[in-house]
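Open the model in your viewer and keep the sequence panel beside it. This tour tells you what to select at each stop and what you will find there.

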Amino acid sequence: MIVMKFGGTSVQDAKAIDCAAAIVRKRLHERPVVVVSALAKITDQLLAMAAAASAGNREKALELSRAARERHYNTASDLLGTHAFEQIAPELEADFNGLDELLRGVVAVGELTLRTTDSIAGFGERVSSKIAAAAFSQRGIESAHVDSRRCVVTDETFGKAVPHFEDTDARLSEVIRPLLDRGRVPVMGGFIGATRDGISTTLGRGGSDFSAAIVGAGLNATRIEIWTDVDGMMTTDPNLCRQARRIKTISFEEAAELAYFGAKVLHPATLLPAIRKNIPVLILNSRNAGCEGTRITASSPKSRNVFMAIAAKKRITVIDVVATRMLMAHGFLKSIFDVFAYHRCPVDMVSTSEVSVSVTVDSNESIAAIAADLAKLADVKYEGRKAIVCLVGENIRSTPGIAAKVFGAIGDVNIRMISQGASEINISFVIDESDVPIVVSRLHDVFFSEVDPEVFA
Ligand code: ADP
Ligand code: ASP
Ligand code: MG
């Protein structure tokens, strides 16, 4: 069997879902399980509803919900026609009434917990999957809607829940296998799961890719397909640099590094389950289904280019910790990292000198509290609006003098931190967020004006 995941733009309206159905139909002989995102932008809108409700703005929350309801009804009725739409309309209506009730509840208690946020945020995938399943069935694809919360079992880290793989694999076998055996196409929402007690959770923004991989690994898929709005994984974000080229094939390790450092086309956790079971992951364009996309596998042909791609991760804060009164005594680094661990804040990049440590973290609301705790140990400064630019490629290992070439290409832009990771397949550095476009385009000009035709399109 295979998994086919369609992202937000690939299910954004009736035309897109119709197109997804046509793509699925061509793969029926491979026994697909389909994972869908919410309709494009819906998750943002749900979070805006939650925020309005928690701020006591009942009208705004309900108005946003009404607009989302209308968009889903229109999409479903365009796809299904009056008769079939009437069959699923009561269920959609009950779902949206439930959402409104939740929003009114938030207004009434004046408090929005992470748990409630997850119930609201995951609503988009709950309804998009029902609409897609109905549309597929109506187009002659025998499909079955599956509520992902029955299959994806997670811990209680609301907003970024971690799957319990053993439980999830067992549930997937129990729920999905029999459907496949009966020739059905299971259609499930990405991004969502539930705790062992059945409380709704989400896997973190962009998490539908991760869902696809969880399902693929759980069911030993032969392939996981991620259908999106670009031709594949590119040498850099095509929306940032128009010269971006398609990568035909890339290793798990390189793709994971790129995803982690900001290549939004793939959620950073996606490759973990795929690597565990050695399942190839393909990135494909639902608007250009004939394009062969990007193939991510355990090994890929050696490229003649040093780098495979450039990623940029924005909204980074740099925190500098300076030990004034003493050189870094033993245990000093540990006490610093204990503070980050206590606040459950992952650290990306670290650089140290004899008396100071600089780290980067994703900008988040705990930073002031982290800085206050660090200030008990040393002098602390922090600065947001930074970005990490990361160049990835396995050839870094065997190319001397590459750092000089990278920093030569960047020219006069101010660099705040530099790191060449232990994995030896990335060179990353921190700059001001506003310098990202110029830096990426200068690097792309130098490193990708000529590309190895075996590896890049
Ligand atoms: P989906 O809704 O299908 O999950 P996303 O918006 O999450 O789609 O991811 C696709 C987007 O990722 C592209 O439109 C592109 O702007 C962005 N992107 C960032 N880096 C890259 C890259 N290296 N290659 C391709 N796309 C990238
Ligand atoms: N809809 C979710 C989001 O926008 C998950 C996803 O699309 O991957 O973050
Ligand atoms: Mg995505």
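## Stop 1: The cysteines

Select Cys 241, which is buried, with a relative accessible area of 3%. Keep in mind that this is a predicted model. Now look for a partner.

Go on to Cys 345. This residue is buried too, at 7% relative accessibility. Which cysteine has the sulfur closest to that of Cys 345? Cys 390 does, but the distance is 19 Å, again too far for a bond. A disulfide needs two cysteine sulfur atoms within 2.5 Å. By this rule, the count of disulfides is zero.

## Stop 2: The open sheet

Next, select the strands β11 to β16. They form an open sheet of six strands. Trace the order across it: β12-β13-β11-β14-β16-β15, with antiparallel pairing. At the edges are β12 (350-352) and β15, and each pairs on one side only. Neighbouring strands are turned by 30° against each other on average, direction ignored.

What holds neighbouring strands together? Strands of a sheet pair through backbone hydrogen bonds, either parallel or antiparallel.

Zoom in on β11 and β14. How many bridges join these two strands? There are eleven, and the strands run antiparallel. To see one pair of partners, select Ile 319 and then Tyr 382 in β14, its bridge partner.

## Stop 3: Helices on the sheet

Helix α12 lies across β14, β15 and β16. It runs at about 25° to β16. Helix α13 packs on the sheet as well, where it touches β11, β14 and β16. The direction of α13 makes about 130° with that of β11.

## Stop 4: Salt bridges

Show the charged side chains. The structure holds 29 salt bridges. Visit three of them, then a network.

Begin with Arg 304 and Asp 452, whose closest N and O atoms are 3.9 Å apart. This pair links distant parts of the chain, 148 residues apart. Arg 304 is in the loop between β10 (294-297) and β11 (309-322), while Asp 452 is in the segment after α13 (436-448). Asp 452 is buried, with a relative accessible area of 3%.

Then select Arg 397 and Glu 424. They form a salt bridge, with 3.6 Å between the closest N and O atoms. Arg 397 lies in the loop between β14 (379-392) and α12 (402-410), and Glu 424 in the loop between β15 (417-420) and β16 (426-432), so the pair ties together parts that are 27 residues apart in sequence. Arg 397 is partly exposed, with a relative accessible area of 45%. Glu 424 is partly exposed too, at 42%.

Move to Asp 412 and Arg 442. Their side chains meet in a salt bridge of 3.4 Å, N to O. Asp 412 sits in the loop between α12 and β15, and Arg 442 in helix α13, 30 residues apart. Asp 412 is exposed, with a relative accessible area of 69%. Arg 442 counts as partly exposed, at 27%.

Finally, select Asp 320, Glu 383, Lys 386, Arg 416 and Asp 432 together. A network of salt bridges links them.

## Stop 5: Aromatic rings

Switch to the rings. There are nine aromatic pairs. A pair of aromatic rings is described by the distance of the centres and the angle of the planes.

Select Phe 6 and Trp 227. Their rings are stacked, 6.0 Å centre to centre, with 15° between the planes. Phe 6 lies in strand β1 (residues 2-6) and Trp 227 in strand β7 (residues 223-228), so this pair ties together parts that are 221 residues apart in sequence. Phe 6 is buried at 0% relative accessibility. Trp 227 is buried at 1%.

Now select Phe 337 and Phe 340. This pair is tilted: 6.3 Å centre to centre, 40° between the planes. Both residues lie in helix α10 (residues 332-342), three residues apart, about one turn of the helix. Phe 337 is partly exposed, with a relative accessible area of 28%, whereas Phe 340 is buried at 1% relative accessibility.

Definitions and conventions:
Residues are numbered from 1 along each chain as its sequence is written. Chains are lettered from A and ligands numbered from 1 in the order in which they are written. This is a predicted model: local features need pLDDT of at least 70, side-chain atom pairs count only at pLDDT 80 or more; totals for chains, interfaces and linings use all residues. Side-chain values use heavy atoms; hydrogens and water are left out. A salt bridge is a side-chain nitrogen of Lys or Arg within 4 Å of a carboxyl oxygen of Asp or Glu. Helices (H or I, at least four residues) and strands (E, at least two) are DSSP runs, numbered from the N terminus. Buried means under 20% relative accessible area, exposed over 50%, partly exposed in between (1.4 Å probe, protein chains only). Two strands pair if DSSP finds at least two bridges between them. Axes are lines fitted to C-alpha atoms, for helices over the stretch in contact, and angles run from 0 to 180 degrees between N-to-C directions. Contact means heavy atoms within 4.5 Å. Rings of Phe, Tyr and Trp (its six-membered ring) pair if their centres lie within 6.5 Å; planes under 30 degrees apart count as stacked, over 60 as edge-to-face and the rest as tilted.
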